[in-house]
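This report is written for a reader who has not looked at the structure before. Please keep the sequence and the 3D view at hand while reading.

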Amino acid sequence: MNSNLLAVPLLLPLVGALIMVMLNKQVRLSRNIALFVLMSSFTISLLMLIYVVKNRPIILNFGGWEAPFGIQYVGDALSLLLVTTTFFVVFMIVLFGFGRGERRANRYYLLSFILFLTTGVIGSFLTADLFNLYVMFEIMLLASFVLVTLGQSVEQLRASIIYVVLNIVASWVFLVGIAMLYRRIGSLNFSHIAMRIHEMDDPTAIHMIATSFVVAFGAKASLVLFMWLPKAYAVLNTELAALFASLMTKVGAYALIRYFTLIFNQSGMVIEPLLVVMSCITMVIGAIGTISFRDIKKIAAYQVILSIGFIIFGLSTNTLNGVNGAIFYLFNDMIVKALLFFVIGIIVYITGYRNYRQLKGLAKREPWLGVAFIVVTLAIGGVPPLSGFPGKLLIFLGALEHQHYIGLTLMILTSLIAMYSLFRVFFYMYAGDSLCGAEIAYQSVKPVRKHVVMLMSIVVLVIGLATPIIINATNLAAKMNLDAETYVKSVNPDLRGDN
């Protein structure tokens, strides 16, 4: 397969975003361009993913400069799985639309900034260069800073302050970690670092560098440092909340998986216990948050935090099963959380209420919404045959293998709490008539939004049923990243003198 195809998923959304800047008054045309760009990128990414699973990673050296001197992009099973999922989720978000705010969304260039953010996310997944990852993070974060504040309420502006400050500090810590690592290794290429870091004879320096990346990526993933997320997500509109829940924390989780398998695997004596503790704390925080509020948007926000705890707990086992489960759960959670925020957003739109006690009788009025709510609840709880089950099962096996019994117990308990918090909402949706009776002016939902929700509910079920196929990609991703030698031989054999 032509390696230049690897640049297409990066360039298409970037070019599309620039075109839509000039078409901000053409609502329908802008939306159609965005949908075309996202569907084309999804199709190309899926084809590349299938090729990589059957053959070998796709390598793109910009300007013809080989690693470790040039900028390198690598399309392996891990990166292309997440790239493909990203395009699917963003496509569904744009298809879901901004409703009556469509023209205002165009006036504020929201579609353009969504594609700019997508460009940063895709670049973060594909790059095999440490500093280029920092650059892509900044592109993604700059776009997110605009999306979280532009054209919205004063409440949203206040909520975004913590988000902006925390991410700026995390970016500074990330840059410091890059500088320390480059000073010791003299390279920024993933393969080259993975080879040369074993030559470092100063374990204290390795632990310091690794810890700086834990802090930087953990802040972006809301690992323990969660303060910005509930307030920001609670005041975002449905589309942007789904976008942030699906992508922003997941990029940080991806970076943790990539770095602490491929590069910092030998610092396990310090980093593994740290990740275990942080993931357990995050699970507890998420679980407490899901049952502490009556605001359904805040309940959904804490579900995002809880899922990060599961993913990083799987990573902390440092076993094939655990990392495989973390990758599976990561890609699946991108879809499930988008569906959750779609459902929650539609509930708020229909009723005008965010307190779940005000939703009595809603599911009887909109039965399709009740079905979607049950699907997403069971998927989050990890109930077979839905898509949340395989990832949790693999993480469970990895935890048993590594004897992380406390973390395993917390994972089981918090999963039950997560389901309980959503079933509690569902029971109010189905129980009796509305508390406010005729006072509720129920809004009608556009057919396209119903179709998006039902399609994504079907996808969640299909992922669970197609686990044997998907597990080939996640297992390949886990094996390659857990074995630095295999990764280097597959991506940059010339660095080892191999043919």
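The text below goes through helices, their contacts, some loops and a few single residues of this predicted model.

The 15 residues of α16 should span 21 Å at 1.5 Å a residue, and its end C-alpha atoms are 21 Å apart, which agrees. This helix is mostly covered, with 11 of its 15 residues buried. Among the buried residues of α16 are Trp 368, Leu 369, Gly 370, Ala 372 and Phe 373. Further along, Val 375, Val 376, Thr 377, Ala 379, Ile 380 and Gly 381 are also buried. The partners against which the buried residues of α16 pack are α13, α14, α15 (362-365), α17, α18 and α19.

One of these partners is α18. How do α16 and α18 run relative to each other, roughly parallel or roughly antiparallel? The axes of α16 and α18 (residues 405-430) come within 8 Å and cross at roughly 170°. Angles over 145 degrees count as roughly antiparallel, and α16 and α18 are therefore roughly antiparallel to each other. On the α16 side, the contact is made by Gly 370, Phe 373, Ile 374, Thr 377, Leu 378, Ile 380 and Gly 381. On the α18 side, it is made by Ser 415, Ala 418, Met 419, Leu 422, Phe 423, Val 425, Phe 426 and Met 429. Sorted by class, the contact of α16 with α18 has 11 nonpolar residues, four polar residues and no charged ones.

Just after α16, Gly 382 takes a positive phi of about 80°. The loop between α16 (367-381) and α17 (388-402) also holds Pro 385. The peptide bond that joins Pro 384 and Pro 385 is cis, with omega of about 5°. Most peptide bonds are trans.

**Helices α19 and α20**

A second pair of helices is α19 (residues 447-465) and α20 (residues 467-482), whose axes come within 6 Å and cross at roughly 75°. Angles of 65 to 115 degrees count as roughly perpendicular, and α19 and α20 are therefore roughly perpendicular to each other. In this contact, Ile 463, Gly 464 and Leu 465 of α19 meet Thr 467, Pro 468 and Ile 470 of α20. The residues of the contact of α19 with α20 divide into four nonpolar, two polar and no charged.

**Helix α13 and its ends**

With 21 residues, α13 should span 30 Å at 1.5 Å a residue; its end C-alpha atoms are 31 Å apart, which agrees. Of these 21 residues, 20 are buried, so α13 is largely enclosed by the rest of the structure. The N-terminal end of α13 is capped by Asp 295, with a side-chain oxygen 2.9 Å from the backbone nitrogen of Lys 297. Just after α13 comes Asn 318 with a positive phi of about 55°.

Most residues other than glycine have a negative phi. Ser 222 has a positive phi near 65° and is not a glycine. Asn 318 likewise has a positive phi, of about 55°, although it is not a glycine. Where do these residues lie? Ser 222 is in the loop between α9 (203-221) and α10 (228-235), while Asn 318 is in the loop between α13 (296-316) and α14 (320-351). Ser 222 is buried, with a relative accessible area of 0%. Asn 318 is partly exposed, with a relative accessible area of 23%.

**Thr 261 in α11**

Thr 261 has its place in helix α11 (residues 238-263). At 1% relative accessibility, Thr 261 counts as buried, because buried means under 20%. The side chain of Thr 261 reaches two backbone oxygens: that of Ile 257 at 2.6 Å and that of Arg 258 at 3.4 Å. Not counting residues up to four places away in sequence, Thr 261 touches Leu 315, Val 323, Asn 481 and Leu 482.

**Separation in sequence and in space**

Asn 32 lies in helix α2 (residues 27-54) and is partly exposed at 42% relative accessibility. Ile 206 is found in helix α9 and is buried, with a relative accessible area of 6%. The table gives one pair for each of these residues.

| Pair | Apart in sequence | C-alpha to C-alpha |
|---|---|---|
| Asn 32 and Gly 97 | 65 residues | 11 Å |
| Ile 206 and Gly 370 | 164 residues | 51 Å |

Definitions and conventions:
Residues numbered from 1 in each chain as written. Predicted model: local features only at pLDDT ≥ 70, side-chain atom pairs only at ≥ 80, totals over all residues. Heavy atoms only, no water. Axes fitted to C-alpha atoms, helices over the stretch in contact; angles between N-to-C directions. Helix = DSSP H or I, 4+ residues; strand = E, 2+ residues; numbered from the N terminus. Parallel < 35°, antiparallel > 145°, perpendicular 65-115°, else oblique. Contact = heavy atoms within 4.5 Å. Nonpolar A, V, L, I, M, F, W, Y, C, P; charged D, E, K, R; others polar. Buried < 20%, exposed > 50% of the residue type's maximum accessible area, 1.4 Å probe, protein only. Expected span 1.5 Å × (residues − 1). Polar contact = N/O pair within 3.5 Å; in protein donor to acceptor, adjacent residues only side chain to side chain.
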